[in-house]
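Hi,

Have a look at it first, then read on.

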Amino acid sequence: MRKFQAITLTLSLNLFFIFAPPLPANAVERSYISPETTADYIHSVIEADRTIYSEFIVERLNSTVNLPAGENWQEKDILPLPAQFLLAASRLVQENRLGMSYHLMSLWPVNPENGPKSDKEKAGLTEVSQTPGKPFTWIGKSNGTTMFNAVYPDIAVTKSCAECHNAHPKSPRNDFKKGDVMGGIHIAFPIEKTGSGSGSLDYAVSPEVVADYVHAVLDADRNIYADKVVHRLQKKKVIYATENWWEENSLLLPAQFLLNASELIRHRKPGLDFRLISLWPINPHNGAANEFESTGLKEVAEQPLRPYIGQTKVGNKNFFQAIYPDLAVTPACVGCHNSHAKSPKHDFKLFDVIGGIVVSVPLDQD
Ligand code: HEC
Ligand code: HEC
């Protein structure tokens, strides 16, 4: 297990200085992102959140304070399983009606409903269990829309993944080890035709849409975490979220959940980046870093329906940036920010805009 908390601060500080002031929103040029890269970005966010949840919540709290994860988490005062966490978040993403969806499946499912539902899914699962280094992809139609599909391997990132499946009476396979491919994640989204042929090079996704997808996953995971884990278990007085979660064997704050995931992604996927910022930050490092961010925060606080967008150059690389409002979705957000000694604002109400999530997507591909 690694601790990313401290480096997160230094890295976000560095970003303050690397990012030149972005051009105004109307200067955004028409550029596109390939379907493969889009799928990689979506997958890297799902995967980072899944790793943080499995390592920093499920495995750590099980071994330090005996707080288990289990199927009947709703009735018991315990944690949702990683698969249930992913499922709940993927439902939230689907409700957004962006057209993007994802789900978890396996050739050896504990729950028969999680088996492959088509020949393509079956082929994808077989392929990624043999060559987990790259996703299995195809282009297909769904209700008349051309969709890009990618199956990524789902790996036993902690030993608790393997142990729980091996011991489960309904598991058809009992010899998983840490690091094994246990199943796959199928991601699907609509693509736009940009060329004259029919291969994946003839299709693309606009950066606004890519940022929407990345944000949708981040937001869903953080909301499930804030609501089904933090708010629920705090209300039942089982465990609390605290800033010094590592030392205190407590839950990460929702902001820390997101920051740790963004740190993991910076390590794994150079380019894609996201930060949590606010006009009223508890942590001064989370303030607006430039004109674009402060204008964006003001705009989304007044008009939280669409993100504030722009383009920026870092060195000789171009980035598309979008700032999405970050809402106080549960009473836990409001209660903690209002009562925090370092918070410059103490009158947040439920569903107020507390700050924003900045998503940066690289535009030039090497
Ligand atoms: C405490 C037990 C437990 C732990 C820990 C656990 N799982 Fe599962 N997992 C389950 C159960 C039970 C299901 C079926 C959930 C459902 O009803 O859809 C499941 C579902 C899945 C599925 C979908 C296919 C299936 O078996 O139904 C995959 C893939 C999967 N888990 C992988 C993992 C990975 C990877 C990890 C670690 C990150 C993990 N699991 C951790 C119990 C566990
Ligand atoms: C138990 C306390 C607690 C809860 C619950 C909580 N926060 Fe925070 N939040 C913090 C702290 C502390 C920070 C500063 C973290 C850091 O050091 O970067 C923070 C950071 C933030 C930031 C970045 C700006 C800043 O204030 O530093 C935003 C935006 C934010 N939280 C929104 C939310 C939302 C939305 C929720 C509910 C989904 C939420 N918070 C729940 C304590 C909390």
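Predicted model: local features only at pLDDT ≥ 70, side-chain atom pairs only at ≥ 80, totals over all residues.

**Around ligand 2**

H6, helix H8 (254-268), helix H10 (331-339) and strand E10 (353-362) each give two or more residues to the shell around ligand 2.

Residues are numbered from 1 along each chain as its sequence is written, and chains are lettered from A and ligands numbered from 1 in the order in which they are written.

Back to ligand 2: it has 24 residues around it, and the nearest are Ala-255, Asn-286, Cys-333, Cys-336 and Gly-355. A residue belongs there if its C-beta atom, placed from the backbone, lies within 6 Å of the molecule. Sorted by class, the shell has 15 nonpolar, seven polar and two charged residues. For that sorting, Ala, Val, Leu, Ile, Met, Phe, Trp, Tyr, Cys and Pro count as nonpolar, Asp, Glu, Lys and Arg as charged, and the others, Gly among them, as polar.

**Around ligand 1**

Ligand 1 has 26 residues around it, with Ala-83, Asn-114, Cys-161, Cys-164 and Gly-183 coming nearest. Helix H2 (35-65), helix H3 (82-95), strand E1 (101-105), helix H5 (159-167) and strand E4 (181-190) each supply at least two residues of this shell. H5 makes the largest contribution, four residues. The classes here come to 14 nonpolar, ten polar and two charged residues.

E4 is mostly covered, with eight of its ten residues buried. Buried means that 20 or more other C-beta atoms lie within 10 Å of the residue's own; 12 or fewer is exposed, and anything in between is partly exposed (C-beta atoms placed from the backbone).

E4 runs antiparallel to E1, joined by five bridges, and antiparallel to E3, over nine bridges. Strands count as paired if DSSP finds at least two bridges between them. Tyr-102 has Ile-187 of E4 as its bridge partner, and Tyr-152 stands opposite Ile-185 in E4. Strand E3 (residues 145-155) is also joined to strand E2 (residues 136-142), antiparallel, by seven bridges. In the hairpin of E2 and E3, with two residues between the strands, Asn-143 has a positive phi near 50 degrees.

Leaving out residues up to four places away in sequence, His-186 touches Tyr-102, His-103, Met-105, Glu-121, Gly-124, Asn-149 and Val-151. A contact means C-beta atoms, placed from the backbone, within 7 Å of each other.

**The E7 to E10 sheet**

Four strands make an open, antiparallel sheet in the order E7-E10-E9-E8. Its edges are strand E7 (273-277) and strand E8 (308-314), each pairing on one side only. E8 pairs with strand E9 (residues 317-327) over seven bridges, in the antiparallel sense, and Val-314 stands opposite Lys-317 in E9.

**The core**

The largest nonpolar core has 93 residues, and Ile-42, Val-45, Val-210, Tyr-213, Val-214 and Val-217 have the most contacts inside it. Helix H6 (residues 207-235) gives the most to this core, 15 residues. Such a core is a set of buried Ala, Val, Leu, Ile, Met, Phe, Trp, Tyr and Cys residues joined through C-beta atoms within 7 Å. Beyond its neighbours within four places in sequence, Val-45 is in contact with Val-214, Val-217, Leu-218 and Ile-265.

**Two loop residues**

Lys-237 has a positive phi of about 55 degrees although it is not a glycine. Lys-237 sits in the loop between H6 and helix H7 (245-248), and counts as exposed because it has 8 C-beta neighbours inside 10 Å. Asn-249, in the loop between H7 and H8, also has a positive phi, near 50 degrees. With 15 C-beta neighbours inside 10 Å, Asn-249 counts as partly exposed.

Cheers

Note on methods: Contact = placed C-beta atoms within 7 Å.
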